[in-house]
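Here are my notes on this model, as numbered points. Have the structure open while you read.

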Amino acid sequence: MAFNDLLQQVGGVGRFQWTQVILVVLPLLLMASHNTLQNFTAAIPTHHCRPPADANLSKDGGLEAWLPRDRRGQPESCLRFTSPQWGPPSANGTEANVTGATEPCTDGWIYNNSIFPSTIVTEWDLVCSHRALRPLAQSLYMVGVLLGAMVFGYLADRLGRRKILILNYLQTAVSGTCAAFAPNFPTYCTFRLLSGMSLASIALNCMTLNMEWMPIHTRACVGTLSGYVYSLGQFLLAGMAYAVPHWRHLQLLVSAPFFAFFIYSWFFIESARWHASSGRLDLTLRSLQRVARINGKWEEGAKLNMEVLQASLQKELTTGKGQASALELLRCPALRHLFLCLTMLWFATSFAYYGLVMDLQGFGVSIYLIQVIFGAVDLPAKLVCFLVINNLGRRPAQMASLLLAGICILVNGVVPQDQSIVRTSLAVLGKGCLAASFNCIFLYTGELYPTMIRQMGMGMGSTMARVGSIVSPLVSMTAELYPSIPVFIYGAVPVAASAAVTLLPETLGQPLPDTVLDVENRRRGKLRRQQQEQQKQMVPLQASAQEKNGL
C-alpha cells in the first residue's frame, strides 16, 4: 500500500486527478465513432444495374424492361437483362424474367441516395462481385487495432504512458483526416489501419494512466466513467451521422478533434508509479511534488524527498527495476495463468460484441434508431455493472455479464425470424451485457497485472480482443449454410469463456501489484486462504464424528 499512501499524502482525489481524468477520457467520446463508423460510411443503399449507355428507355419501355425481379418481386441488385424485355407481370415479377437472358452490371449501378447520399460503397461500387471489399475495410481497421495494442502496449511500458498518448493523438488526427480525402479504396484502407493502431493504444493508455494516478477506492469509479463516455460516444455518432450523411465529411468530423487532444495532451503528467517501477526515483519525486502543488498540498509536497521515497518504495526499487518482456507473460507461471484466462475473456467479449454491433442494417429498422438504442442500453447496463463491481467484486461482474450475454444470444437463435421485436430486444440486452463486460475487463486486467508489465498485459488482452473482432465477420458467413449458425456461435463463446473467471483472484479493495513477486504472493495467499477454509470445514466434521463415537 506504499504508493497508495503517497497518493493520499499529495491530495488523494484532488484537483489534479479530476482534471487529468476528464481530459484523458474525453477522446473516448470519439472511440465509438471510429470503431463502428463503417455502419454509416459503408452503408449499403438499395441499388440495381445501370442500363447500357446506348439504351433508349422511352423506346424500350422504361427502366423496368432492363431489370429482372427476385423472388420478392424486387429488382435484382446484381443482374440485368441483355436486352429489354416486355411481357405481362407474373406473380414473381414479369413473364420475361423467366426466359430473358441476364448479365452482370457491366455499366455500373444506380443507388438510392435518399438515406445515404454518399458512402464508400457507392463511391467505389463495393457491391455484387466486389461486396467482400466492404467487410475487408473493417477487418483491416481491426488489424490495425491489433497491431497497435501489441506495438504501443510494449512502447508504453518502455517509454511511458504520456509520450505514447501524445503520439497516438497526432497519428489518429492525421490518418483519420487523410482517410477523409483518400482518392481510392486501397489508400482509404491504409489510413484506416493506421487509425486503428493509434486508437487501440489510446483506449489502453487512458485506462492505465488514470488508474495509476487514482487511489484504490476510486478505481472502479474511473473505469465506469470511461465506459460511460464511450457509451455517450455512440449517441454522438448517431447524431453526427444523421446530420452529416456524406461519408467524407463524417470521417473528417470524427478525426479533426484529435488535433485538439494532441495539443492539450502535452500538459499531462506522467505516471509516478511508472517512473518508480522504472527505477527513476528523481522523476517520481518531481511528479508527486507537482501533483501536490496542483492539489493545494504544498506542505505535504515539501515533506517528500528522496529518503522518504526510498523508504516508502523500497520494494519497487529493489524488485521492480527494469522492464519485463512479453515473454514473461508465458515464462512466469503466475503471469501465464493470468494471461491465458484473460485472453479467453477478451476474445469472447469482443467476438460476440462485434458480431452484434456491426450488422445494424440487419435489424430491419432505422439504422440511426438502432444505433441510439444500442447506446442507450449501455447506460443502465454499466450502472448495474458498477454497483456489482464496487460491492460484490470484479469476478461476479465479469462472470455474470458474459454468461447473461451468451444466454441472450443463444435464445435469440431459436426465436422465429418474424418475431423482430423479440429478436431485437434480446440482441439489445445481450449487447448491454457485453458492454458491461468490456467495462469490467479493462479495470480487472489493469488490477491483475503488475506495474512493470501492466501495459504489455493490457496490450496483449486488447490484441486478443481484436482477433475476436476480426474473426467475428468471418463467422457471419456461415449463415449461408444455416441462418442461425452465427448466432449460436456468438452465444456459445461467451458462455464458455465465463468459466475462466473462476480461475482468477478477486481484486476488490486490493492494492495494485507492482512486481511479479506481488502477483505470486497474491496467488499464494489465495491458496493459503482456501486451505484454511478447508481446515475450518474439517473441524466441525471431526467434532461431530467424535460426538457420535462418544454416544
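1. Ala 352 is buried, at a relative accessible area of 0% (buried means under 20% relative accessible area, exposed over 50%, partly exposed in between, with a 1.4 Å probe and protein chains only). Ala 352 sits in helix 20, residues 333-357; helices here are DSSP runs of H or I with at least four residues, strands are E runs of at least two, and both are numbered from the N terminus. Leaving out residues up to four places away in sequence, Ala 352 touches Ile 409, Leu 434, Tyr 490 and Pro 494, where contact means heavy atoms within 4.5 Å. Val 493 is 141 residues from Ala 352 in sequence, yet 7.6 Å from it in space, C-alpha to C-alpha.

2. A word on ground rules. This is a predicted model, where local features need pLDDT of at least 70 and side-chain atom pairs count only at pLDDT 80 or more, while totals for chains, interfaces and linings use all residues. Residues are numbered from 1 along each chain as its sequence is written, and side-chain values use heavy atoms, with hydrogens and water left out.

3. Now the overall picture. The chain has 26 helices and 6 strands. Of its 551 residues, 53% count as buried. Take the contacts between residues at least 6 apart in sequence: 80% of these join residues at least 24 apart. The chain exposes about 23,700 Å², with carbon and sulfur atoms supplying 64% of that; the areas come from the Shrake-Rupley method with a 1.4 Å probe, and for residues only the protein chains shown count as cover.

4. Ser 437 is another one to click on. It belongs to helix 23, residues 420-448. Is Ser 437 buried or exposed? Ser 437 counts as buried, at 0% relative accessibility. Setting aside neighbours within four places in sequence, its contacts are Thr 349, Gln 398, Ser 401 and Leu 402.

5. On cysteines: how many disulfides does the structure hold? The structure holds 0 disulfides, taking a disulfide as a pair of cysteine sulfur atoms within 2.5 Å. Cys 433 is in no disulfide, and the nearest cysteine sulfur, on Cys 408, is 5.2 Å away. Cys 433 is buried, with a relative accessible area of 12%. Cys 341 also counts as buried, at 4% relative accessibility.

6. Next, a helix pair. Two packed helices are described by the angle between their axes and the distance between the axes. The axes of helix 12 (residues 247-255) and helix 13 (residues 257-264) come within 5 Å and cross at roughly 15°. Axes are lines fitted to C-alpha atoms, for helices over the stretch in contact, and angles run from 0 to 180 degrees between N-to-C directions. Helix 12 and helix 13 are therefore roughly parallel to each other; angles under 35 degrees count as roughly parallel, over 145 as roughly antiparallel, 65 to 115 as roughly perpendicular and the rest as oblique. Helix 12 brings Leu 253, Val 254 and Ser 255 to the contact, and helix 13 brings Pro 257, Phe 258 and Phe 259. By type, the residues of this contact split into 5 nonpolar, 1 polar and no charged (Ala, Val, Leu, Ile, Met, Phe, Trp, Tyr, Cys and Pro count as nonpolar, Asp, Glu, Lys and Arg as charged, and the others, Gly among them, as polar).

7. Two loop asparagines deserve a look. Asn 295 is in the loop between helix 15 (281-294) and helix 16 (298-303), and counts as buried at 12% relative accessibility. Asn 184 is in the loop between helix 9 (161-180) and helix 10 (185-213), and counts as partly exposed at 32% relative accessibility.

8. Finally, a backbone check. Asp 125 has a positive phi of about 55° although it is not a glycine. Asp 125 lies in the loop between helix 7 (120-124) and helix 8 (133-159), and counts as partly exposed at 24% relative accessibility.
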